[in-house]
Structure formats: C-alpha cells, structure tokens
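Take a moment to look over the sequence and turn the model around. Then we'll walk through it together, piece by piece.

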Amino acid sequence: MKSSSARLSLFGLLLILCVYAYLDSPYSFLNKPFLYTKTELAMSVMKNNREPSQVPVFEEKLESRKEIGGYIVETYREYEVYKDKDGNILKSTPTSKTDTLKYKDYDSIKGR
C-alpha cells in the first residue's frame, strides 16, 4: 500500500509541475495576448521631445542673511529658471517656496 500511495504522490507532483510549466510558458492561453513573433510588429509610441528652453530648472537663491542672537539665519527662495541651449538665462520667475537655514555663528562667541 505504501508503494501505490508513493507512486500516486509522485505522479500528482509531476502533473502539477507540468501544468505550472505550461501556464508559465509564453505559449499558454494566459500569455497569448503578450506573445509576439518575428513577423508581427510591436507597437511603440514616440515621446514629444520638448526643447530645453521649455523645461524649467529650479534653483535656490539667497534672499536675506541676518544675525540673530548668536545665530546666522539665511532665507533662500526657489526660482523657476528657463535657459537656452547655450545656458543663457531667458526667464527667471520666483516661486512661493522658501527655505530657512539657521546655524550657530562661532565667530561671535567671546574668547575666540
């Protein structure tokens, strides 16, 4: 009885592996829509290439620098910058985004 159940288990395992291999292959009914042969062309779509002058570059520029209570506080504003192919600035527009940087001023500490 042990040998017949072992054979049945081995046959079942082999059957499962064969079904899995078929379903995983490109020829299975699940993958038919994705199968391309040498005679069929794959679809491709060209992207619209924009000119470099139409793509803005975001840069931060120093807006103010203050010394407050032993600290230096710097405020930077983000600018939307348009450049031509040669790198010349065509247009610079400030955005509403600002960043503040605060750091200790060690030069102002007494004894140094």
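Predicted model: local features only at pLDDT ≥ 70, side-chain atom pairs only at ≥ 80, totals over all residues.

Now the overall layout. The chain has one helix and three strands, and along the sequence they come in the order α-β-β-β. Helices (H or I, at least four residues) and strands (E, at least two) are DSSP runs, numbered from the N terminus.

Let's follow the strands. β1 covers residues 57-68 and β2 covers residues 71-83; the two run antiparallel, joined by eleven bridges. Strands count as paired if DSSP finds at least two bridges between them. β1 and β2 make a hairpin with two residues between them, and G69 in that turn has a positive phi of about 55°. Carry on from β2 and you get to β3, again antiparallel, with twelve bridges joining this pair. Here the hairpin has five residues between the strands, and G87 takes a positive phi near 95°. Across this pairing, E80 stands opposite T93 in β3.

Stay on β3, residues 89-104, and find T95. The T95 side chain reaches over to the backbone oxygen of E78, at 2.9 Å. That's a polar contact: a pair of N or O atoms within 3.5 Å, where, within protein, one must be able to donate a hydrogen and the other to accept it, and residues adjacent in sequence count only if both atoms are side-chain atoms. Leaving aside residues up to four places away in sequence, T95 touches F58, R77, E78, Y79 and E80, a contact being heavy atoms within 4.5 Å.

Y79 turns up again with a lysine: the charged end of K61 sits over the Y79 ring, 4.9 Å from its centre. Likewise, K102 lies over the face of Y71, at 4.6 Å from the ring centre. To qualify, NZ of Lys or CZ of Arg must be within 6 Å of the ring centre and within 35 degrees of the ring normal.

Finally, how much of the chain is buried? Buried residues (under 20% relative accessible area, 1.4 Å probe, protein chains only) make up 11% of the 112 residues.

Terms used:
Residues numbered from 1 in each chain as written. Heavy atoms only, no water. Buried < 20%, exposed > 50% of the residue type's maximum accessible area, 1.4 Å probe, protein only.
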